[in-house]
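Student: Could you zoom in on a single part of this model for me and walk me through it? I'd like the cut-offs spelled out as you go.

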Amino acid sequence: RILGDLAIVVFLVIGGHRGIILAASGLNDTLQIGTFLLSGDIVGAFVDHTARIFRIGLTISAPILVALLLTNFVMALISRAVPTVNIFIISFPLTIGIGLILVTLSLRDFITVIERLLSTTAPIVG
């Protein structure tokens with residue numbers, strides 16, 4: 001949820017809403033308002049854009065997911081090595097802390113990725 005809210009704030013700060021309006025107004029050649037024909041080109045574009053969304057999401061989240069998976073793996077090893085330690089009390093705050101630290105460290109790259117994606121959509125009016 002935090003990343004979604006952050007994406008919305010970055011989107012509005014860099015003027016992405018203006019770019020979307022410009023992109024929508026430039027669709028008169030391809031898509032007429034009030035008519036929608038489900039053709040092969042539209043379905044292909046929809047599938048390509050959907051695949052691109054998943055690829056971008058995986059690219060952004062992969063380093064954090066791998067780090068958190070390694071954290072849980074280490075916690076499992078500690079749990080097996082020292083069974084008397086209550087691992088739930090230790091692992092929950094540690095996982096949250098590591099996740100927040102990694103998200104904070106990756107904010108600059110996250111903002112760069114969002115700016116690059118929005119700049120390829122349409123020119124942003126400044």
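Tutor: Let's start with terms: buried means under 20% relative accessible area, exposed means over 50%, and partly exposed is in between (1.4 Å probe, protein chains only). At 41% relative accessibility, I96 therefore counts as partly exposed. Two notes on the source: this is a predicted model, where local features need pLDDT of at least 70, side-chain atom pairs count only at pLDDT 80 or more, and totals for chains, interfaces and linings use all residues. Residues are numbered from 1 along each chain as its sequence is written, and side-chain values use heavy atoms, with hydrogens and water left out.

I96 sits in helix α4; helices here are DSSP runs of H or I, at least four residues, numbered from the N terminus. With 19 residues, α4 spans 26 Å from its first C-alpha to its last, close to the 27 Å expected at 1.5 Å a residue (that is, 1.5 Å times one less than the number of residues). Its buried residues are I87, S91, G99 and V103. Viewed down the axis of α4, they fall within an arc of 100°, so they line one face of the helix; the arc is that of the directions from the axis to the C-beta atoms. On the face turned away from that buried side, α4 carries the exposed I89, I101, T104 and L105.

As for the whole chain, it has five helices and zero strands, and 13% of its 126 residues count as buried.

Technical notes
Helices (H or I, at least four residues) and strands (E, at least two) are DSSP runs, numbered from the N terminus.
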